[in-house]
Structures are given as C-alpha cells and as structure tokens.
Amino acid sequence: YNLNKPTFSIGLSSGTDWFDMKIDIQFGNQTVDLKQVQKSILKESNYVELKDGTLGLLPKEWIDKYKKYFKLGQIKKDHIEISNFQFNIIDELYEQETNTPKFLTELYEKKKRLNNLQDLKSIPKPKHIQATLRPYQKEGLNWLVFLHENQLGGCLADDMGLGKTLQTIVFLQYLKNLNPKEKGLPHLVIAPTSLMFNWMAELKKFAPTLKVLDYIGPNRDDLFKNIDDYDIVLTTYGSIVKDVEKHAKREYNYIILDES
C-alpha cells in the first residue's frame, strides 16, 4: 500500500464535438494512470494500482463524485474525452464551476435551446430564392437554420413530393446570403443517379444565383481541380465511392445525403 495521501488536479478544455477533463492524481511521486482508475471504478474498488506496484486508496467521496465521467467518457492518456451532448454532466459541471469556461457556458445555453424546440425563430425567405414557400416548408427552413446555429446535424424527413429538396436549396441560399462577399467552402450534395436531373432542375429554377458543379462523368479528375469555384458540388453515390479518397482530403461546409 502507498501511504501517501492522494492529490487531485482537474482542468477543462474544449474540442470540436467533445470537451476534455484533464485529471492529475498523484500519490507522492507516483502519477496515477487514468485507465487504472477506470478499472477500479468498474470493479467498484477504492484501490488503484500505481506504476511502482503499490496500491493507492482513493477517497470514496471523490469516486462517488467523478465515477460517472470515467463511465461515460473515453480515456485518453491524462484526460477524459466527453461528448458535448452528455448534458447531465454539463449541467453538473456548470453548477460546480466558480470560473465557468466560455465553452461550458455555451454548451449549457445550447442545452437550454434544445429544450425549447417549439420556440424556433421564423426565418424570412432568403433573397434570390424564386419560390413561394408553403407554411410547412418554412418550418423546415426554420429547423435547418436552428440546427446550423447550434452546430448540429439532422434529418429532414417528410412524404414524397412535399419539397424536401426545395427546403434544402433554400437553406443553402440562406447560408450563402450570410456572407455574400466571402467565398465560403462549397457544399457537397450526394444523391441517387435518378435524382440528379431533379436537383439540377430545381437549383436552376429556385436558386439561379448559386453556382452548381455537376460532378459526374468520366472527366471528374479535371472537374475536381475547380471545386472551390462553386457553391454546390452535386454527385452520385456511385461516383462518391470511386472518388472517396479525393473528397476525404478536402473540406466542405455541409454534406447533404439525399435518400441515404
């Protein structure tokens, strides 16, 4: 048994879709391996094996307080990676922290917004859209903008023929209008071959100012060099399988999977 009392140091930092909880536990000059702590917690033991072969005693109060982080997160060397959507943990950390990090406040606010989905703000029809939106199509646009503002992915689902393609096109035009003078990243739309003509026709009809690259056919290698000149890259599932290594090396703003 290691006779030293443990010392604890905990810090928070943000990632892309997760946040890191950096945990440093020491018994004298022995630093605890977090995977050993996780093993002890899963075995419901207060003892943790140290690198010198001795056993350190973790206070029961500390284990009771932090065991959920070890159960729900991914252990990465000296920190635990926790999903931004573990809202019960975010609530608890937000209430515990005296100097709350900015990212934690933002996650807490996001959680509150997700609890009030009925209060989606109404988005006016974007400039350059040549279509009259039906009430439910306006709701679809409101939903897509809500997802965008909260950095979430989503699924727009409805019966056939009710205008999911139009709602998506209106959303892409909305994004273009946010910073009309900036050349943003293009969006990648992947659809079955049978729907390619429909996408091209609706883009031309409803959003004629958006530049669309019809990324199919044998000359795709040449087309790939000019992708950044376009707002939307339209391709098929067959083509994406063949070109996946190329696409994986570049960035898109949104990837839209039609009938996926």
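Tutor: We'll go from the inside of the chain to its surface, then to some loops. Keep in mind that this is a predicted model.

Student: Okay, inside first. Which residues of the largest nonpolar core touch the most other members?

Tutor: The idea is to look for buried nonpolar residues joined through their side chains. Here the largest such core has 29 residues, and Leu141, Phe171 and Trp199 are the ones touching the most other members. At least two residues of this core come from each of α5 (135-149), α6 (164-178), β8 (187-191), α7 (196-206) and β10 (232-236). With 7 residues, α6 gives the most.

Student: What does Phe171 touch, leaving out residues up to four places away in sequence?

Tutor: Phe171 touches Leu141, Leu144, Val145, His148 and Tyr254. Apart from this core there is another one, of 28 residues, including Val48, Tyr66, Ile80 and Ile89.

Student: Next, aromatic rings. How many aromatic pairs are there?

Tutor: You look at how far apart the ring centres are and at the angle between the planes. The count here is 11 aromatic pairs. Take Tyr215 and Phe224: their centres are 6.3 Å apart and their planes make an angle of 55°, a tilted pair. Rings can also group into a cluster, and one is made of Phe8, Trp62, Tyr66, Tyr69 and Phe70.

Student: Is Tyr215 buried or exposed?

Tutor: Buried means under 20% relative accessible area. Tyr215 counts as buried because its relative accessibility is 0%.

Student: And which residues does Ser239 contact, beyond its neighbours within four places in sequence?

Tutor: Tyr215 shows up again: Ser239 is in contact with Tyr215, Ile216 and Arg220. Ser239 sits in helix α9 (residues 237-248). Ser239 and Tyr215 are 24 residues apart along the chain, yet 8.3 Å separates their C-alpha atoms. Ser239 has 8% relative accessibility, so Ser239 counts as buried too.

Student: Where does Asn84 lie?

Tutor: Asn84 is in the loop between β7 (79-83) and α3 (87-96). At 9%, Asn84 counts as buried. Beyond its neighbours within four places in sequence, Asn84 contacts Thr16, Asp17, Trp18, Phe19, Ile90 and Leu107.

Student: Last one, the surface. Which residues form the nonpolar patch there?

Tutor: For a patch, you look for nonpolar side chains that have over 30% relative accessible area and are joined to each other. Tyr1, Leu3, Tyr47, Leu55 and Leu57 form one, with about 590 Å² of accessible area together. One of them, Tyr47, is in strand β4 (residues 47-49). Tyr47 is partly exposed, at 35% relative accessible area.

Note on methods: Residues numbered from 1 in each chain as written. Predicted model: local features only at pLDDT ≥ 70, side-chain atom pairs only at ≥ 80, totals over all residues. Heavy atoms only, no water. Patch = residues over 30% accessible without salt bridge, like charges linked within 9 Å, V, L, I, M, F, W, Y side chains within 5 Å. Areas by Shrake-Rupley, 256 points an atom, 1.4 Å probe, with all protein chains shown as cover. Salt bridge = Lys/Arg side-chain N within 4 Å of Asp/Glu carboxyl O. Helix = DSSP H or I, 4+ residues; strand = E, 2+ residues; numbered from the N terminus. Buried < 20%, exposed > 50% of the residue type's maximum accessible area, 1.4 Å probe, protein only. Core = buried A, V, L, I, M, F, W, Y, C linked by side-chain atoms within 4.5 Å. Contact = heavy atoms within 4.5 Å. Phe/Tyr/Trp six-rings, centres within 6.5 Å; stacked < 30°, edge-to-face > 60°.
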